[in-house]
Amino acid sequence: VPNLCVIRDCVGPEEQATILQHIEAHKLFTSGSNQAITYGGIPPWVDFLVDRLRPYLPRQGSPLFDQSIINYYAVGQGIKAHKDLPQFAEGIVGLSLCSSVVMDFVADVGAHCPVLLRPGDVYVLHGAAQYQWTHGIAERDHDTFYGHTLRRKTRISITLRKVLPELVCKTDLPSVPTGRAQEMETTTIETHVDPIAHFGDEP
């Protein structure tokens, strides 16, 4: 896939464990919620990724990211094939945790490329990979990758993006329900139940 970079083992086992401890401590997936979205910044416990990923991105500046989406996937769940909307800057990052999974990339012209994501792997989309290919995960309890069967476990993903304020109106952003938002450092977190479709995506 042009302009797709998969960084194997970008986040080590101890760093993965620390991230998962913070997710548990903030109770992001209690009360049946399966998605948490931050606005105005990213959780401080993934800040270390910013400098680590900077060389792989087509843009610089600060902040490099100001929105995160943290998804919880039960075994068998997936995410519909989609592209991130142009209201987000070029350079989308995704971190995979807890389970291996195959993500399917499909080009506008029909080409298909399965990509294996293991715990700790990070993918970076920009250029053609971001704008001319959809990416998604099929709903199934196992994947077959080059003859190997991979049984899925519960999985968590963290997506980091940068909003382009000139392309998005405040009314386009969902409101944060009273009593469900938490302040974590300087970042507002909204947790809710979602059919695993990112806010700001298109099929």
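Which residue is the bridge partner of L95 in β8? The structure examined here is a predicted model, in which local features need pLDDT of at least 70 and side-chain atom pairs count only at pLDDT 80 or more, while totals for chains, interfaces and linings use all residues. Residues are numbered from 1 along each chain as its sequence is written, and side-chain values use heavy atoms, with hydrogens and water left out.

The partner of L95 in β8 is V122, and this bridge belongs to the pairing of strand β5 (residues 92-97) with strand β8 (residues 122-125), which runs in the antiparallel sense over 4 bridges. Strands here are DSSP runs of E with at least two residues, numbered from the N terminus, and two strands are said to pair if DSSP finds at least two bridges between them. β5 also pairs with strand β12 (residues 155-161), again in the antiparallel sense, over 5 bridges, and in that pairing S96 stands opposite S157 of β12. Strand β5 is mostly covered, since 6 of its 6 residues are buried, where buried means under 20% relative accessible area, exposed means over 50%, and partly exposed lies in between (1.4 Å probe, protein chains only). I92, G94 and S96 point one way from the strand, whereas V93, L95 and L97 point the other way, and all are buried.

A search of the whole structure finds 2 cavities of 30 Å³ or more. On a 1 Å grid over the protein atoms alone, a cavity is a set of points where a 1.4 Å probe fits but cannot get out, and its lining residues have an atom within 4 Å of a point; grid points are joined across faces, edges and corners, and a volume is the space filled by probe spheres set on the points. The largest cavity has a volume of about 80 Å³ and is lined by 11 residues, of which Y73, M103, Y123, S157 and T159 lie nearest its centre. The elements that give two or more residues to this lining are β4 (79-84), β9 (133-137) and β12, and β12 gives the most, with 3 residues. By class, the lining of the largest cavity has 5 nonpolar, 5 polar and 1 charged residues, where Ala, Val, Leu, Ile, Met, Phe, Trp, Tyr, Cys and Pro count as nonpolar, Asp, Glu, Lys and Arg as charged, and the others, Gly among them, as polar. The second largest cavity holds about 50 Å³ of space, and its lining divides into 5 nonpolar, 1 polar and 3 charged residues, including Y73, V75, R152 and K153.

The structure holds 11 salt bridges, each defined as a side-chain nitrogen of Lys or Arg within 4 Å of a carboxyl oxygen of Asp or Glu. One of them joins D108 and K83, at 2.8 Å from N to O; D108 lies in the loop between β6 (101-107) and β7 (112-117) and K83 in strand β4, so the pair ties together parts that are 25 residues apart in sequence. D108 is exposed, with a relative accessible area of 52%, whereas K83 is buried, with 13%. Another salt bridge links R118 and D121, at 3.4 Å from N to O, where R118 is partly exposed at 31% relative accessibility and D121 is buried at 1%. R118 and D121 also belong, together with R8 and D9, to a network of salt bridges.

Methods:
1 Å grid on protein atoms, 1.4 Å probe; cavity = no way out; pocket = protein on both sides within 12 Å on 5 of 7 lines; lining within 4 Å.
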